[in-house]
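Hello,

Here is the structure for you to look through. My notes follow below it.

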Amino acid sequence: MSETRDVLRVAVLGAGGLGMAATRMLSTKTEMRHVAVADSRGYAYAADGLDADAVGSAQSESGTVGSLSGAGRLSGDAIGDLLAHSEDIDGVFLALPNLPNDFIPTVIERFARHGYQGVMVDALKRTSAAELVVKLDPVLAHVGITYVVGAGATPGLLTAAATVAAQSFAEVESVDINFGVGIANWETYRATIREDIAHMPGYDVEAARRMSDADVAALLDETNGVLELHGMEHADDIILELAGVVDRKRVTVGGIVDTRNATKPVSTTVTVTGVTFEGRRSAHTFTLGDETSMAANVCGPAFGYMKAAHWLHSRGVHGVLSSADVMPRFVR
């Protein structure tokens, strides 16, 4: 990867709601080719590209992309088997669960130990998970991986917006992120909903991870399908702190997730409050369009950051960056 490719060959790790959305989004791109996808039971690889509809059908009908005719393989170690094709993969999107916190960092370490020399991006949420990724910086820099942590919506799109908005101020007093998510069926995003439950009072990462689908369904019945989240442990805080924008204690993240309606229950906003060099206190608010889905707001930035990471990688920049360190580049 010493030279910039016209078309980036992309692997998606994870075949849940975000992974399948990423597959569909990649089918619309000319600057990226979806060549690999993996889940807990198998993987699929095709050098000339995977068909999004076929991948989706295989996953929905059998529960694994490994059943895809021709390109699919059933496996008890899909990621390990997929690493055999790593020299033919330019970028990896980790659309994997954040539970437990060290799951994504462990996967990253596997790529590093294998000697992978490409770009990787994630859509992880929790501060503690992001901290583990940041600690891998010297390892990834040595191997030759360019990694962007927190490259989804929040952290990601909204973190980047906060970073740009902060430039108006001599001092940033606070960053407040409030999101609204609407999905018609929670089972489409099982891992995401479990991660959200882990932020609720009385729950933590381990408690959420141990919940069966029936347990989750019962909880959602109690709340009429709505999860109200406040004071979340969200990696926007560490990302903004490391970028020098604001102390993490001044970053708050919360939201409302409706698991039974596709319409957002509230608009998604990020508000940056600060004081200008003239001593005036003011606030910038950035609002996402209500019609944009969680998948669009996560996968779009993730691939934009992947394109930016590849551009940096081709210029010898390796190690861990964040969504506040670099602007995503639009993927056509």
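Asp 221 is exposed, with a relative accessible area of 55%. Exposed means over 50%, buried under 20%, and partly exposed in between (1.4 Å probe, protein chains only). This is a predicted model, where local features need pLDDT of at least 70, side-chain atom pairs count only at pLDDT 80 or more, and totals for chains, interfaces and linings use all residues. Residues are numbered from 1 along each chain as its sequence is written, and side-chain values use heavy atoms, without hydrogens and water.

Asp 221 forms a salt bridge with Arg 260, with the closest N and O atoms 2.6 Å apart. A salt bridge here is a side-chain nitrogen of Lys or Arg within 4 Å of a carboxyl oxygen of Asp or Glu. The two residues are 39 apart in the chain. Asp 221 is in helix H10 (residues 213-222). Arg 260 is in the loop between E10 and strand E11 (269-275). Arg 260 counts as partly exposed, at 37% relative accessibility.

The structure holds 14 salt bridges. Another one joins Arg 250 and Glu 171 (3.4 Å, N to O). These two are 79 residues apart. Arg 9, Asp 88 and Asp 90 are linked in a network of salt bridges.

Now helix H4. Helices are DSSP runs (H or I, at least four residues), and strands are runs of E (at least two), numbered from the N terminus. The buried residues of H4 are Ile 104, Pro 105, Val 107, Ile 108, Phe 111 and Ala 112. Down the helix axis they fall within an arc of 160° (taken from the axis to the C-beta atoms), so they line one face.

Best wishes
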